[in-house]
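Have a look at the model first, then read on.

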Amino acid sequence: MLPKSESPPLVSERRIVVVSNRLPLTLRRTEQGWRAEASTGGLVSAMRPVLEQTGGLWIGWPGESGGQADAPRRELLAGWERDQQLAAIEIPDELARKFYYGYANQTLWPLFHEFPSRLRFDPEGWDAYVEANRRFRDAVLERLRPGDLVWVHDYHLMLLPQLLREAAPDTTIGFFLHIPFPSPNLFRVLPRREELLRGLLGADLIAFQTHGHLQHFRASVLRVLGLDSRMDRIQASGRFVRIEALPIGIAPESFTRLLAKKAVRKSLADLRKRFKARRILLAVDRLDYTKGIPERLRAFRRLLRKSPALHGQVVLIQIAPPSRERIEGYRELRREVNELVGEINGEFGTPHWTPVVFIRRGVSRPELVALYAAAEVCWVSPLRDGMNLVAKEYVACQRGEAGVLLLSEFAGAAAEMGEALLVNPYDEERMAAALERGLEMPAEERRERMGALFGRVLRNDAHAWSRRFVQELREAAAARLSALSEAPRALPWEELLEAYRSAKRRLLFLDYDGTLAAFANRPLEATPPEGLRSVLGQLSTRPEQRVVLVSGRPRPQLETWFGGIEGLWLAAEHGAVVRDPASRQWTPLHASAPSGWKARVQPVLDHFVDRTPGSFVEEKEYSLVWHYRMCEPDFGDWLANELLATLEELLSETELRAVRGQKAVEVRLAWANKGEVVSRMEALWPADFRMAIGDDRTDEDLFERLSSDAWTIHVGHRHSLARFRLENPAAVRGLLGQLAETAVASGT
Ligand code: ADQ
């Protein structure tokens with residue numbers, strides 16, 4: 001019986017509109033006219049079954065352009081749209097050339113695969129990239145229906161999400177990157193990097209092949225655009241963009257089904273007969289410098305030199321159809337590979353044995369399946385690869401057999417295929433040794449490894465992948481909609497005053513800097529404005545009411561300014577320590593705090609002070625803060641991004657967090673946050689009127705912890721979890737003044 005895919009196919013009542021550079025069919029001009037051929041490549045392999053099952057629409061470029069006036073071509077394409085849900089975008093030849101061979105494949109492709117020396121950039125290529133993305137936008141808009149889920153694929157279309165968002169703001173847009181995302185240091189090399197990131201951030205969901213790629217993206221967004229992110233989302237232009245690692249899978253049943261076919265069994269038998277007792281090593285790639293083909297051939301040569309016993313015993317079948325030959329680097333690669341194949345066959349071959357069988361054409365799926373089944377070793381050794389589906393396809397065809405997968409640790413697949421023999425393709429000697437080990441591996445061990453791999457390929461298949469993507473996308477879009485309706489609105493003063501008046505017990509949380517007082521250049525200069533103390537005094541002495549000043553400032557400072565106000569609770573350092581006005585004692589929110597951490601963090605901050613004139617470090621009891629309010633603003637913000645990125649690495653897996661404040665970066669204990677103060681006070685003083693006012697990110701912890709009926713007020717115009725908004729500290733003081741009067745007037 002055939003193994004069934006464990007995951008049910010994707011079912012979506014909303015139409016899925018797939019947008020990718022290539023359609024699953026490519027047009028070719030032949031002497032008999034236009035012909036349609038199946039496109040190759042990982043994207044098509046993975047998406048085709050998805051679309052077949054959901055009946056969605058696929059928009060893309062049909063390959064060879066030109067001949068737009070050509071009636072047979074137009075008819076053929078109209079047929080595709082009518083009968084196969086494939087909508088072809090016409091892109092003039094010149095534009096297609098500049099877009100595809102320019103920015104897409106000579107700038108993005110090499111850099112994203114971490115080959116900066118192969119990067120070429122010319123502004124015309126960029127203009128073509130922008131123009132092509134606009135044409136894709138127009139093609140989508142022409143066909144978009146309400147409720148559609150638009151799923152954009154890959155590096156050719158990184159501007160499309162934002163272009164669509166601008167034209168049709170309510171659209172649900174997801175983006176999947178099939179290739180790796182480079183490390184932030186390399187990403188910074190990219191010409192037009194800001195535009196590219198902003199283009200992507202138009203999506204509701206951006207998904208990557210691995211967690212590593214996602215982390216690179218987060219770090220790049222921080223460094224280049226200065227946007228903070230959480231593990232699963234980024235806040236951009238007042239919206240949350242969800243980010244996810246969703247490794248792509250294959251549709252294993254389409255391989256196992258073929259394996260059972262008579263024709264495939266016959267070609268498998270033919271292969272075995274042809275190669276007799278020879279052990280088949282198989283490599284399947286597009287001829288691309290990222291795939292590590294010369295490295296593999298050199299490792300193979302090395303092995304043959306070292307182990308004469310293998311002569312006549314093994315054969316390497318390398319399938320590598322050429323691609324992107326208009327780019328010089330690819331033509332060079334072709335020459336290099338040809339030479340190497342010739343050299344190896346010349347050096348070791350005999351009239352009865354050709355060590356490398358080189359196939360320079362795409363092979364059909366049934367042929368490929370027979371080869372996968374016949375191969376004792378599948379040798380997948382890219383220098384860098386988003387995922388690499390060949391590794392998974394081989395495993396799918398090895399059910400019950402005991403093949404060996406040799407897999408580059410630089411393929412995304414390595415993150416989930418730990419039972420393969422992982423190799424570093426740059427170390428040819430060790431790679432040759434790993435191959436030898438694979439050839440000698442006992443059958444029992446092979447079966448064990450292959451069994452585990454097979455189970456995983458079956459579980460994490462293309463259906464599971466697309467289902468997760470679509471589900472995440474729907475959730476992300478729903479979150480965007482609800483956030484829109486929940487953006488803070490102007491405070492309804494009368495309503496608030498009424499609720500305040502009629503409440504029995506009240507609990508008020510007030511932030512200080514940016515909320516009660518405007519910012520000053522140095523923290524000590526932001527002294528309490530005229531009249532503030534007396535208003536706070538009036539409010540905090542009301543018996544049915546508790547007022548808590550929750551600030552990031554150190555306790556001596558709060559004590560000096562507000563210690564004398566009767567009844568006022570003070571929480572210093574974001575709530576690390578709290579002062580009860582009755583006892584005048586400060587108590588830490590947590591009993592123990594780790595020691596010694598400042599000595600590790602201080603030198604990092606000092607280094608930034610040295611680089612940034614006008615910045616300084618403030619030391620508090622539970623935190624260290626780098627302030628840069630007086631620096632040149634752009635430079636300061638840029639360095640703050642750098643510092644946050646550096647600290648994020650340094651502090652991972654510690655109790656410490658680096659948090660961005662207003663023109664400051666603060667390192668503090670994770671538990672020292674204002675939300676904890678809310679919990680503590682609510683337990684102490686249950687109230688029917690609760691209000692919190694704050695302006696920066698640390699105050700979001702207040703808003704988050706309070707229940708949705710509390711009066712949460714954000715000062716300013718940033719995105720916030722608060723329900724309401726006030727303009728500035730003066731307005732806040734005005735409100736407090738009115739509350740003080742209301743309390744008196746109502747006589748409670
Ligand atoms: P690709 O660079 O196209 O995909 P890959 O994942 O290896 O790379 O997919 C290749 C696909 O094409 C496989 O389905 C394979 O069977 C087929 N194929 C390759 N050579 C062939 C040949 N000579 N004849 C016939 N078929 C051939 C991009 C990223 C990858 C990522 C995929 C999917 O570069 O890292 O895995 O998208 O997300």
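Helix α7 (residues 193-200) and helix α8 (residues 211-225) have axes that come within 10 Å and cross at roughly 125°. That angle makes α7 oblique to α8. Keep in mind that this is a predicted model, where local features need pLDDT of at least 70, side-chain atom pairs count only at pLDDT 80 or more, and totals for chains, interfaces and linings use all residues. Residues are numbered from 1 along each chain as its sequence is written, and side-chain values use heavy atoms, with hydrogens and water left out.

- Axes are lines fitted to C-alpha atoms, for helices over the stretch in contact, with angles running from 0 to 180 degrees between N-to-C directions.
- As for the wording, angles under 35 degrees count as roughly parallel, over 145 as roughly antiparallel, 65 to 115 as roughly perpendicular, and the rest as oblique.
- The α7/α8 crossing is left-handed (the near helix is turned anticlockwise from the far one by less than a right angle; clockwise would be right-handed).
- On the α7 side you'll find R193, E194, L197, R198 and L200, which meet F217, S220, V221, V224 and L225 of α8; contact means heavy atoms within 4.5 Å.
- Sorted by type, the residues of this α7/α8 contact are six nonpolar, one polar and three charged (Ala, Val, Leu, Ile, Met, Phe, Trp, Tyr, Cys and Pro count as nonpolar, Asp, Glu, Lys and Arg as charged, and the others, Gly among them, as polar).

**α3 and α4**
- The axes of α3 (residues 93-112) and α4 (residues 123-143) come within 8 Å, crossing at roughly 115°.
- These two helices are therefore roughly perpendicular to each other, and α3 passes α4 in a left-handed crossing.
- Contact residues in α3 include L95, F99 and Y103, while those in α4 include W126, Y129 and R135.
- The α3/α4 contact splits into nine nonpolar, two polar and four charged residues.

**α11 and α15**
- For α11 (residues 293-306) and α15 (residues 428-440), the axes come within 8 Å and cross at roughly 65°.
- That makes α11 roughly perpendicular to α15, and the crossing is right-handed.
- Among the residues making this contact are R296, F300 and L303 of α11, plus E428, M431 and L435 of α15.
- The tally for α11 with α15 is six nonpolar, no polar and eight charged.

**Ligand site**
- There are 24 residues around the ligand, and H178, D385, M387, N388 and E393 come nearest (a residue is near if one of its heavy atoms lies within 4 Å).
- D385 puts a polar side-chain atom 2.5 Å from a ligand oxygen atom; a polar contact is a pair of N or O atoms within 3.5 Å.
- M387 has a polar backbone atom 2.8 Å from an oxygen atom of the ligand.
- A polar backbone atom of L389 is 2.8 Å from a ligand oxygen atom.

**Loop residue A518**
- A518 sits in the loop between β17 (506-510) and α19 (532-540).
- Leaving aside residues up to four places away in sequence, A518 touches A526 and P729.
- From A518 to E559 is 41 residues in sequence and 19 Å in space, C-alpha to C-alpha.

Terms used. Helices (H or I, at least four residues) and strands (E, at least two) are DSSP runs, numbered from the N terminus. A polar contact is a pair of N or O atoms within 3.5 Å; within protein, one must be able to donate a hydrogen and the other to accept it, and residues adjacent in sequence count only if both atoms are side-chain atoms.
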